[in-house]
Amino acid sequence: MPYSADKPSRARSAEELRAAIPGWGVDLDPADRPAYPRQRFDPDSTGAHWTMPDQQPGWEGRERSIEHERVTPVFGTSVPLQGLSGMVRRFAYRYSEGRAAHWLILLAGDRVDSATAHLRSLAGTRPDNPITETGVRGEFTHHGISSRRGSRVDRNHRWIDPIIVAGPWLAAVAAVTAVTRAVVRR
C-alpha cells in the first residue's frame, strides 16, 4: 500500500505476472523486440560530453520551486514574467509545490494576466469581441442551451457560468460608462 507503514507483500514472480496480466513481459527477451537489431546501448555514440547538461545562462533570479536547489539546466525564456501578473506568480514560488497556496496563487496570476490583456484590448484600436470570442454565439447556433438539459456533472455550478463569463465585460462597460460620465460632467 502506498503511504503506509505496512511492509508490502513480496513482489510477484515473472510467471505469476505473466499468468495474471495478458501480454506481460512480451519484451523481456531482446529477440522478441521489434527494434532489437537496431537497439544498442552505446552511450559514446550520442556525442554527449556530459552526464548533466551545462546550465543555461541567466538562471539567477528565475522562478524555481523551493524543493529544488536550482532551475533545470535548460528552461524556457520565450514569455518572461512581467507586470502585476509576474509579481503574483513570483510570489507563488515562496510556497511549496505541495501546497494549494502555490497553485491557487499561480491561477490568480493567470486571471490577473487575462484581465490586463482585456484592459489592453479595450484601450487599443481593436478590442476583443465578447460575442464571438467567448462562445456566447455558439450557445444559440450549436444547441448550447439544449445540451444543458439531462444528467450532467456540471449542473451544480451552471448558475455561476454566465456571471464568470459576462461579469468582467459588464464591469468594464460600467467602468467606461462611469469614466465617460465623469469626463462629460466636467
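Which residue forms a salt bridge with Asp-110, and how far apart are the closest N and O atoms? I went to this one before anything else, keeping in mind that the model is predicted. The partner is Arg-89, and the closest N and O atoms sit 2.4 Å apart. Arg-89 belongs to helix α2 and Asp-110 to helix α3 (residues 100-123), so this pair ties together parts that are 21 residues apart in sequence.

Next I checked what else Arg-89 does. I found a salt bridge to Asp-113 as well, with 3.9 Å between the closest N and O atoms; that falls within the 4 Å cut-off. Here too the link runs from helix α2 to helix α3, with Arg-89 and Asp-113 24 residues apart. Through shared partners, Arg-89, Asp-110 and Asp-113 end up in one network.

Then accessibility for that trio. Arg-89 comes out buried at 16% relative accessible area, because the limit for buried is under 20%. Asp-110 is partly exposed at 34%, and Asp-113 is partly exposed at 30%.

How many salt bridges does the count come to? I get 3. One of them is Glu-63 with Arg-90, side chain to side chain, at 3.8 Å from N to O. Glu-63 lies in the loop between α1 (14-20) and α2 (83-92), while Arg-90 is in helix α2, so the pair ties together parts 27 residues apart in sequence.

Last look, at exposure of that pair. I have Glu-63 as partly exposed at 22% relative accessibility, and Arg-90 as partly exposed at 40%.

Technical notes: Residues are numbered from 1 along each chain as its sequence is written. This is a predicted model: local features need pLDDT of at least 70, side-chain atom pairs count only at pLDDT 80 or more; totals for chains, interfaces and linings use all residues. Side-chain values use heavy atoms; hydrogens and water are left out. Helices (H or I, at least four residues) and strands (E, at least two) are DSSP runs, numbered from the N terminus. Buried means under 20% relative accessible area, exposed over 50%, partly exposed in between (1.4 Å probe, protein chains only).
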